[in-house]
Structure formats: C-alpha cells, structure tokens
Amino acid sequence: MVRVAIIGASGYTGAESIRIILRHSEARLTYLTALEAECGAVEDVFPQFKGRCSLQIEPLDFAKLADLADAALCCLPHKVSMGFVPKLLEAGLKVIDFSADYRLKDTSVYERFYQVKHTDADNLARAVFGLPELFRERIKGADLVANPGCFPTGALLAIVPLLKKGLVETDSIIVNAVTGASGAGKNPSEKFHFPNMNENLFAYGTGTHRHMPEMEQIAGEIAGSKVQILFQPHAGSFDRGILSTVYTQPRKNVDDEQLFGLFSDFYKDEPFVQMRKDAPAVKDVVGTNYCHIFVACIKGRIVSFSAIDNLVKGASGQAIQNMNIVFGLEETLGLK
Ligand SMILES: NC(=O)c1ccc[n+]([C@@H]2O[C@H](COP(=O)([O-])OP(=O)(O)OC[C@H]3O[C@@H](n4cnc5c(N)ncnc54)[C@H](OP(=O)(O)O)[C@@H]3O)[C@@H](O)[C@H]2O)c1
C-alpha cells in the first residue's frame, strides 16, 4: 500500500487528488497539508468528502512527513513548489510535482516565461516529464516527476503521432484551445470572477502563455528537431475541461483513414487515450482521466482535436497515473 501525502491539499488539484486516492485500492491518504489558514478536518474544508475521509489538513511538518508517507503529490503553485520539493526528496519521498518548476529544462526559458529565478537546478536536471504515453520507461522508479501542464497534455497528445512519423512541418503548428474556469485555481482573479466569466469566452495570454515553451520542448524532443508552436488559449464559461484544436501542415498527402490508422496504432496500448471518428466535446471526458482524439485532413491541413479534463488527465489523474507507474502498480488503479 503506497502512503500518499498531498502538499497543498486545500486547492482544486488537491481536492481532485483526494477524490481519486479515496477510491484507489493500493494507495491511501496518510498526510494532507496546507497553509495554516486553510487547515481543518477534510470534511469541513471539502464537504463533498463528509463521511468518506476522517483526516485533518495540517501545516506541513517535514519530520512527520518522512514517517508517514512514501509519495508526495505536490499541488503547489510554481515558484512555491521549488522551495518545497528539495525537502520532500530529502525526506525520502517520491515526488510528483504539479507545478511548472521542473518541466522546462532550460532555466533561462523558465525565468523568461515565469519571471522568477530558478533555485533548484540540480533537481530540475533529474526530473522526468510525466506524460506516460511518451515517457513511461523513464517514469518507472523516478524520484521526481514533473507532471505536465494541462494545455500541453491535450495539445501534445493530439500531435505526437504526426511528429514521431515526421509527417508535418515543424515551423507552423497552431494550437487553439479553450479551458474551463477551474484551470486558474481556486483563488479568483478579476478575469475569472463569475460576472466576467459567466456566459463569456475570451482569449488570454496572447503570444506569451507559459505552456507554449513546454509544448515546444516536448514536441522538439519527439520530432528530433526544433519545433515552433503558436499557442492561443481561451477561457470559457464552464467549470472544467479543455478542448484543443491543433492545425499542422502535412509534408505529404494523407487521407482521414490513414490518419485514423496512424493514431490508433500509436495509442493502441494506451489505457487513457481513445480515438474518435468525430470531434470530441469536453463533456465526454469531464471527471475522467481520458483524452479523446479526432484527426482529419481538412483543406490540405491536418486538424487534430483533443478533449481532456484539466483537473484529471490535465493534473491529478495524470499525477496518480504517474505515481502508479513510479511504484510499479497497475497504471489505471483509481482512475477507471
Ligand atoms: N487547476 C488546474 O487545472 C491545473 C492543471 C494542471 C496543473 N495545475 C498546477 O497545479 C498546481 C496547483 O493548482 P491548483 O489549481 O490546485 O491551485 P489552487 O487551487 O490555487 O491551490 C494551490 C494550493 O497551494 C497552496 N499554496 C499557495 N501558496 C502557498 C505557499 N506559499 N505555501 C504553501 N501552500 C501554498 C494554496 O493555499 P491558499 O489557498 O491558502 O493560497 C492551495 O492550497 C499549480 O502549480 C498549477 O499550475 C493546475
């Protein structure tokens, strides 16, 4: 039985992680931590867990943590996370980090996009990017897994079969995606506040979104050459889910059937990727760890559509999929 601590348990991805671990047959929650002001009985902080979890959310005590847990799901914001992760590793835990702090291998890119100095280059060097469909072998037994961003998860799954086959131009990829409001976390901002969000749809992060270099890093690794991605996120008036539409320019003629065959073959052993014969919707995947994909050739372009739940395949579900792989458990435990 893997003993799991959740660091930053009082946030959205913390709650989603609690929900999943509560139904996991080979992992159990042993320690939930948050800032002092957010602490209390789980059922008081999250009434949805009333009668299902008797733990307290407490301030983090590293000495206690080392005795209580084997794995840490670190659900903290970027910058904060790299202050905690070295100590979680020193305490002997396997760490799945939800933030961006261990995803971008080039610290100068991280510092440009996140506007903070990177303070943990040593652990960054050994962190493994936790997209199981691409890096399962590296994740096995890793001490530190950088759980991917929600937008990169949806966008990369929609194009990696094309990049792997060298089927598309790598200097003109466009990712257009829409997320629900929970992507911004639990603390409201003016843009994501209900009166602005409700019955609204808007673009944000134009030309500057932090997930753009993350997509380019992984896409470049898969393609074996530099990849340029123009990523434009939007936020829509729904709680959760991300719908991504990715436009690529094929290097040779392909038809819909060939594309479906290529993707189906690439993902044939993947427990959480489903190929579709029509465009997916966020409601098809919300509350699940699945990614639904549809791909078609339209007016000479390849257009790939993917739908995920940002809080599950885009965060906590993928983290627990990674935890299962790290500990050699059945990968789908808690997630099907
Ligand atoms: N939301 C998503 O869809 C999503 C998807 C993929 C990845 N992620 C990443 O997952 C991480 C958590 O996201 P989230 O949506 O769960 O955010 P959230 O709802 O804002 O929760 C963040 C948690 O971290 C705590 N925290 C903040 N500053 C802290 C500090 N200095 N020391 C200790 N705890 C601190 C927060 O406590 P307070 O409430 O007291 O501030 C809260 O419990 C972020 O790195 C985010 O980028 C999120």
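Predicted model: local features only at pLDDT ≥ 70, side-chain atom pairs only at ≥ 80, totals over all residues.
Residues are numbered from 1 along each chain as its sequence is written.

Trainee: What distance does helix α12 span between its end C-alpha atoms?

Mentor: Helices here are DSSP runs (H or I, at least four residues; strands are E, at least two), numbered from the N terminus. The expected span is 1.5 Å times one less than the number of residues. For the 15 residues 312-326, a straight helix would span 21 Å, but α12 spans only 18 Å.

Trainee: Is I320 buried or exposed?

Mentor: I320 is found in helix α12. A residue is buried if 20 or more other C-beta atoms, placed from the backbone, lie within 10 Å of its own, exposed if 12 or fewer, and partly exposed in between. Because I320 has 29 C-beta neighbours inside 10 Å, the residue counts as buried.

Trainee: Which helix gives the most to the side of domain 1 that touches domain 2?

Mentor: The domain assignment, automatic or from a database, gives domain 1 (2-148 + 314-326) and domain 2 (151-309). Their contact (C-beta atoms, placed from the backbone, within 7 Å) takes 18 residues from domain 1 and 21 residues from domain 2. On the domain 1 side, α5 (107-114), α7 (132-139) and α12 each supply at least two residues. With four residues, the helix that gives the most is α12.

Trainee: Where does the ligand lie in relation to the domains?

Mentor: Around the ligand there are 28 residues, of which G8, G11, T13, S99 and G185 come nearest; a residue is near if its C-beta atom, placed from the backbone, lies within 6 Å. Domain 1 and domain 2 both give residues to this shell, so the ligand lies between them.

Trainee: Which helix gives the most to the shell around the ligand?

Mentor: Both α1 (12-22) and α12 supply at least two residues of that shell. With three residues, the helix that gives the most is α1.

Definitions and conventions: Contact = placed C-beta atoms within 7 Å.
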